[in-house]
Amino acid sequence: MSGEPIKPRGDAVSTKAGGVPQAGTSTSEDIAAFVAQARALSPHAPGAKGRLIFALDATMSRQPTWDMACALQADMFRETAALGSLDIRLVYYRGFNECRASRWISDSAKLATLMSKIDCRGGDTQIGKVLSEARREAVASGVRAVVFVGDAMEEKVDELCAKAGELGMLKVPVFVFQEGHDAVAEQAFREIARLTGGAWCRFDPGAAAQLRELLRAAAAYAAGGREALLQLAKTANGAAMLIGQMK
């Protein structure tokens, strides 16, 4: 089916459109050129279709949250119906060095079908690949926001922060929704959110209502920008939580 992920090649995120280039050391001139190019290409103008990367930790401990997200993801599309269309790119990691990305999906039924075919498997976190994919798409197609749902962080936090900083320069906020109380993960997740101008929120295990509100709020931002999120915040606690942290 359209959007079906394929096996990864090397260390990059796997997609049918190709992998993500590996991050290297950048000079100040490289970074300036990168930001200028991205801003020129990024379709953030009013009326442009919203694009959201929906990233999930699909390691074994995530199975309950994965099942919950499968049930709730349609709410992200419904929330944006009045604001304009929304495309979502599913990115997930699991197992041994396995990180995959779907094509852009604009139909909630297709996204639900795709997610229902994925099972969680044991493995280490690969958040760096998620951030690299977001960076690539910010330049290629104008991603407006990233949602990440996870409970752990097993990577070098400085490397993650460097990638988050590049997303911040591109004005692509990362909304990090943490399940559980892992202190190491919380420290890293909060910093990723801060560096990108996004937000960090914790939700309780099994708290579908909490996660639903947070996902709806992130989708509203991706489709309608800050004004849409401010409007939603008048009636939804999840949106108010996000807007309260965003710069």
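**Exercise 1.** Which residue's side chain does the side chain of T125 join in a polar contact, and at what distance?

*Solution.* The model is predicted: local features need pLDDT of at least 70, side-chain atom pairs count only at pLDDT 80 or more, and totals for chains, interfaces and linings use all residues. Residues are numbered from 1 along each chain as its sequence is written, and side-chain values use heavy atoms, with hydrogens and water left out.

Step 1. Locate T125 in the loop between helix 3 (108-116) and helix 4 (127-140). Helices (H or I, at least four residues) and strands (E, at least two) are DSSP runs, numbered from the N terminus.

Step 2. Apply the criterion: a polar contact is a pair of N or O atoms within 3.5 Å; within protein, one must be able to donate a hydrogen and the other to accept it, and residues adjacent in sequence count only if both atoms are side-chain atoms. The partner is E155, and the side chains meet at 2.8 Å.

Step 3. Describe the surroundings. With neighbours within four places in sequence left aside, T125 is in contact (heavy atoms within 4.5 Å) with D57, Y93, A152, M153, E154 and E155. The relative accessible area of T125 is 7%, so this residue is buried; buried means under 20% relative accessible area, exposed over 50%, partly exposed in between (1.4 Å probe, protein chains only).

**Exercise 2.** Identify the network of salt bridges to which R94 and E98 belong.

*Solution.* Step 1. The closest N and O atoms of the R94 and E98 salt bridge are 3.0 Å apart. R94 is buried, with a relative accessible area of 5%, and E98 is buried at 7%.

Step 1. Through salt bridges with shared partners, R94, E98, R100, D119 and R121 form one network.

Step 2. The structure holds 16 salt bridges. Among them is the one between E137 and R136, with closest N and O atoms 3.0 Å apart; both E137 and R136 are buried.

**Exercise 3.** Characterise helix 6, its cover and its two ends.

*Solution.* Step 1. Helix 6 (residues 183-196) has 14 residues and spans 20 Å from first to last C-alpha, close to the 20 Å expected at 1.5 Å a residue. The expected span is 1.5 Å times one less than the number of residues.

Step 1. Its buried residues are A185, E186, A188, F189, I192, A193 and T196. Their cover includes helix 4, strand 4 (145-150), helix 5 (157-169), strand 5 (174-179) and strand 6 (199-203).

Step 2. At the start of helix 6, a side-chain oxygen of D182 comes within 3.0 Å of the backbone nitrogen of V184. After the helix comes G197, with a positive phi near 75°.

**Exercise 4.** State how many helices and strands the chain has, and what percentage of its residues is buried.

*Solution.* Step 1. There are eight helices and six strands.

Step 1. Of the 247 residues, 53% count as buried.

Definitions and conventions
A salt bridge is a side-chain nitrogen of Lys or Arg within 4 Å of a carboxyl oxygen of Asp or Glu.
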